[in-house]
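Please open the structure in the viewer and keep the sequence at hand.

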Amino acid sequence: MVKEKPNSIRIYDKDGFRRRAACICVRSDAEAEVLLVTSSRRPELWIVPGGGVEPEEEPSVTAVREVLEEAGVVGKLGRCLGVFENRDHMHRTEVFVMTVTKELEEWEDSRSIGRKRQWFSIDDALTQLALHKPTQRHYLMQLRHSKNNSNVNANTNSPTTAAPTTA
């Protein structure tokens, strides 16, 4: 079943790209496991939860709203991994990291379209995303890269910033 959003208004940037936001949901600060959800169009396949930015909504707010709707989780919003561009679908997605603090037993998309969620190792998630959403693999590569950089910088006491990545 495809998810319908009758009152949804799509927001576009100055270059004509649809604005989206997503969260890489992690189980702990170790960032070794990520939560994926089943696709509404192809429920046998897995995706990163995310969706369109609403009018007057900050991307960070969109990301939190989308993971609650699609994955039924809440948590602590962390760093922004960057803005990822998909020229094939003409959208730009701002991706954040969220450490999950609560998993709801039932949530909007589990009831309405039977969406499921599952924890994956980073490597297993990369394999799953390759099947349906290969561009989302870049989110996880940036997660891994920024985590490695923050560990190095924590050891040297120098600040770090995650540069936006174009994918």
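Begin by selecting strand 2 together with strand 7: the two pair in the antiparallel sense over five bridges. The model is a predicted one. Within this pairing, select L36, whose bridge partner in strand 7 is Q118.

Keep strand 2 (residues 33-38) selected and display its surface. Five of the six residues of strand 2 are buried, and the strand is thus mostly covered.

Select C25 to find its bridge partner in strand 2, L35. The hairpin of strand 1 and strand 2 has six residues between the strands, and E31 takes a positive phi near 55° there.

Now turn to strand 3. Strand 2 and strand 3 also form an antiparallel pairing, over two bridges. Select V37 and I47: V37 stands opposite I47, which belongs to strand 3.

Remain with strand 3 and proceed to the side chains. Which residues form an edge-to-face aromatic pair? Select W46 and F120, whose rings lie 5.3 Å apart, centre to centre, with 70° between the planes. Because W46 lies in strand 3 (residues 46-47) and F120 in strand 7 (residues 117-121), the pair ties together parts that are 74 residues apart in sequence.

For the last stop, select F17 and R92. R92 lies over the face of F17, at 3.8 Å from the ring centre.

Notes. Residues are numbered from 1 along each chain as its sequence is written. This is a predicted model: local features need pLDDT of at least 70, side-chain atom pairs count only at pLDDT 80 or more; totals for chains, interfaces and linings use all residues. Side-chain values use heavy atoms; hydrogens and water are left out. Rings of Phe, Tyr and Trp (its six-membered ring) pair if their centres lie within 6.5 Å; planes under 30 degrees apart count as stacked, over 60 as edge-to-face and the rest as tilted. Helices (H or I, at least four residues) and strands (E, at least two) are DSSP runs, numbered from the N terminus. A charge sits over a ring if NZ of Lys or CZ of Arg is within 6 Å of the ring centre and within 35 degrees of the ring normal. Buried means under 20% relative accessible area, exposed over 50%, partly exposed in between (1.4 Å probe, protein chains only). Two strands pair if DSSP finds at least two bridges between them.
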